[in-house]
Every structure is written in C-alpha cells, then in structure tokens.
Amino acid sequence: MFALIKALSTLFSRSQADTQQRHENYLSQAVDMHDLESRIRHLDGGHRSIYRTGPYGVFLR
C-alpha cells in the first residue's frame with residue numbers, strides 16, 4: 001500500500017526545473033516594465049489577496 005502511494009505522489013509531483021521553466025516563460029511574455037513587475041509580484045504571492053488580514057481576521061488597509 002505504501003509503495004502505491006509513493007508511486008502516485010512521484011507521478012503527480014512537479015520538479016523544480018519544470019516550475020522554473022514555466023516561471024521564465026511567463027515572465028518572458030511581458031510586454032513592458034509594468035507588466036513585468038506585476039507578473040513578478042504575481043509569482044511572489046502578491047495575487048493572493050488585495051487586503052492583508054491581521055490577527056483574528058481583521059482586515060488592514
């Protein structure tokens with residue numbers, strides 16, 4: 001049973017090289033500096049939420 005789970009996890013896991021190549025392709029499609037900066041921000045995790053939540057779910061501005 002463990003061997004089956006391990007085989008499935010290796011089948012569906014992404015390699016670091018594939019992720020890096022996808023990021024490079026995504027960034028190379030930028031048309032200007034503003035687009036490039038927004039794509040970098042998107043990859044860095046800035047797309048997760050417009051508002052950052054503080055402790056106890058309080059929205060901060």
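Asp35 and Arg39 both lie in helix H3, which spans residues 33–44. Four residues separate them, about one turn of the helix. Helices here are DSSP runs of H or I with at least four residues, and strands are runs of E with at least two, numbered from the N terminus. The model is predicted: local features need pLDDT of at least 70, side-chain atom pairs count only at pLDDT 80 or more, and totals for chains, interfaces and linings use all residues. Residues are numbered from 1 along each chain as its sequence is written, and side-chain values use heavy atoms, with hydrogens and water left out.

The side chains of Asp35 and Arg39 form a salt bridge, at 3.1 Å from N to O. A salt bridge requires a side-chain nitrogen of Lys or Arg within 4 Å of a carboxyl oxygen of Asp or Glu. Side chains of opposite charge can pair when their charged atoms come close. Both Asp35 and Arg39 are buried. Buried means under 20% relative accessible area, exposed means over 50%, and partly exposed lies in between (1.4 Å probe, protein chains only). Arg39 counts as buried because its relative accessibility is 14%.

Arg39 also lies over the face of Tyr26, at 4.7 Å from the ring centre. This assignment requires NZ of Lys or CZ of Arg within 6 Å of the ring centre and within 35 degrees of the ring normal. The C-alpha atom of Arg39 is 6.4 Å from that of Leu27, and the two residues are 12 apart along the chain.

Helix H3 has 12 residues and reaches 16 Å from its first C-alpha to its last. This is close to the expected 16 Å at 1.5 Å a residue; the expected span is 1.5 Å times one less than the number of residues. Gly45 follows H3 and has a positive phi, near 105°.

The protein chain contains three helices and zero strands. Along the sequence, the pattern is α-α-α. Of its 61 residues, 7% count as buried. The accessible surface comes to about 5800 Å², and 59% of this belongs to carbon and sulfur atoms. Areas come from the Shrake-Rupley method with a 1.4 Å probe; for residues, only the protein chains shown count as cover.

Leu4 is found in helix H1, residues 2–12. Leu4 counts as exposed because its relative accessibility is 51%. Met1, Leu4, Ile5, Leu8, Leu11 and Phe12 form a nonpolar surface patch, with about 730 Å² of accessible area together. Patches are made of residues with over 30% relative accessible area and no salt bridge; like charges are joined within 9 Å, and nonpolar side chains (Val, Leu, Ile, Met, Phe, Trp, Tyr) within 5 Å.
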